[in-house]
Amino acid sequence: MQTQLPAPPTQCPPFGMMMQYITGYWVSQAVYTLTKLGVPEALKNGPADAESLAQTLTVNVDFLYRLLRATSAMGLLEAHDNGQFSLSSLGQLLRANVPNSMQAIVLMMGEEHLTAWNRLLDGVQTGQTPFEMEFGTHCFDYFEKNQRAGEIFNAAMTSFVENEVSQIAAAFDFGQFEQLVDVGGGHGRLVASILKQNPQLTGVVFDLPHVVNGAAAIFEQEGVANRAKAEGGDFFQAVPANADGYIMSHIIHDWSDNKSLEILKNIHKVMRPNGKLLLAETVILPGPNAINSTLMDLNMLVMTPGGRERTRTEYEALLSQAGFSLVNITPVSPMVSIIEAVPAAL
Ligand SMILES: C[S@@+](CC[C@H](N)C(=O)[O-])C[C@H]1O[C@@H](n2cnc3c(N)ncnc32)[C@H](O)[C@@H]1O
């Protein structure tokens, strides 16, 4: 999962900087409420004033007006002199079915994620996973059993991939592979893009059965259906065998070292001896971007038992225990690096 959080407001005096941290949820709740109410969709055909929007959405007009005014100040809407509001180019990202839509990410972060984040204090006090304290189950089981939340989660994952897919596809020479398996590849967006750019390549997206069902439409849409297939299964049991390229994008960060080793060893067992394993992950690096990677690490703490972002040294050690040598790390964006590993020489 890629995200780039705003740089810390270093230009502010300390009081202002601290206020930005303290009230961060004002901003995220305003974005969530605007989106959940359907304001971005209601404005897709042109400007409207608060009264007509309130009628369309059946909400309180005064409260809606104040939400529109605040989100205009945030740059999501444009407020016009005649009292109407329209979507800004930034606000367009809150619509569904537009290029680079972030609607599913807003909904995901504002619902179960937020509820779980509210238990961060309990989590740090007890060492228990906030999501599980709140919902009583692992987040992947929850998203499987709660269809609507699962759809939003999978769509949000696809949006994250959309944002980084071209950078990943450009940062590595996938032309060296014959077959690429994307383990935990969701709806197949990443593998579809890589296949599109590498006509010699065949590909498999492997994920839980209820998730990979969504891949066929993306393979068709990207014109790679004749070279791509979707396979459902459990990566703790086995993964598709005999490929020379395996990629996992934001998978290892979901799991503890022990669970990660199970997945990595399952890949090691079945990959061609000359194969490569690529991990697209947020690597915790020192420097100004540490705020992004370390907050994402907290998100993993909140959502998953044992999931975490790792440093280069931690990845080296983990891969080595699974029989791999880490050969290279290529930063792709402020939040994502490609970690390249090969089976270790005996
Ligand atoms: C954080 S998402 C990453 C999805 C995608 N690779 C990306 O970069 O957006 C983790 C993925 O792991 C899948 N997953 C979780 N448990 C799994 C299992 N036991 N076997 C196969 N896939 C699993 C989830 O369904 C989900 O698609």
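Where in the chain is the place of T58?

## T58 and its loop

T58 sits in the loop between α4 (50–57) and α5 (61–73). The structure is a predicted model. T58 is not a glycine, yet its phi is positive, at about 45 degrees. Most residues other than glycine have a negative phi. T58 is also exposed, because 7 other C-beta atoms lie within 10 Å, and a residue counts as exposed at 12 or fewer.

## Domains and the nonpolar core

The chain is divided into two parts, domain 1 (14–99) and domain 2 (110–343). Between the C-alpha centres of domain 1 and domain 2 there is a distance of 33 Å.

The largest nonpolar core has 91 residues, and L180, V183 and Y246 are the ones that touch the most other members. Helix α11 gives the largest share of this core, 8 residues. Both domain 1 (14–99) and domain 2 (110–343) give residues to the core, so it lies between them. For Y246, leaving aside residues up to four places away in sequence, the contacts are V181, V183, I267, M271, G275 and L277.

## The sheet of β1, β2 and β3

An open sheet is formed by 3 strands in the order β1-β3-β2, with antiparallel pairing. The edges are held by β1 (48–49) and β2 (77–79); each has a single partner strand, so one side of each has no neighbour in the sheet. Strands of a sheet pair through backbone hydrogen bonds, either parallel or antiparallel.

The pairing between β2 and strand β3 (residues 84–87) is antiparallel and runs over 3 bridges. Within β3, F85 is the residue opposite A79.

## Helix α6

How many of the 8 residues of helix α6 are buried? In this helix (residues 103–110) the number is 6, so α6 is largely enclosed by the rest of the structure. The buried residues of α6 are Q103, A104, I105, V106, L107 and M108. Among the elements that cover them are α2 (24–37), α7 (112–117) and α11.

Strand β4 (residues 179–183) is mostly covered, with 4 of its 5 residues buried. Its pairing with strand β5 (residues 202–207) is parallel and spans 5 bridges.

M248 has its place in strand β7. Is M248 buried or exposed? M248 counts as buried, because it has 26 C-beta neighbours inside 10 Å and the limit is 20 or more. Its contacts, not counting residues up to four places away in sequence, are V183, G184 and L279. From M248 to H268 is 20 residues in sequence and 13 Å in space, C-alpha to C-alpha.

H250 lies in the loop between β7 (245–249) and α15 (257–270). H250 is a residue other than glycine with a positive phi, near 55 degrees. H250 is buried, with 23 other C-beta atoms within 10 Å, whereas T58 is exposed.

## Around the ligand

The shell around the ligand has 18 residues, of which M157, G184, G186, F235 and S249 come nearest. Helix α11 (residues 147–171) supplies the largest share of this shell, 3 residues. Sorted by class, the shell has 10 nonpolar, 5 polar and 3 charged residues.

## A345

A345 belongs to the segment after β10 (337–343). Why does A345 count as exposed? The reason is that A345 has 5 other C-beta atoms within 10 Å, and 12 or fewer makes a residue exposed. A345 and I152 are 193 residues apart along the chain, and 43 Å separates their C-alpha atoms.

Note on methods. Residues numbered from 1 in each chain as written. Predicted model: local features only at pLDDT ≥ 70, side-chain atom pairs only at ≥ 80, totals over all residues. Near = placed C-beta within 6 Å. Helix = DSSP H or I, 4+ residues; strand = E, 2+ residues; numbered from the N terminus. Nonpolar A, V, L, I, M, F, W, Y, C, P; charged D, E, K, R; others polar. Domains from an automatic or database assignment. Core = buried A, V, L, I, M, F, W, Y, C linked by C-beta atoms within 7 Å. Contact = placed C-beta atoms within 7 Å. Pairing = 2+ DSSP bridges.
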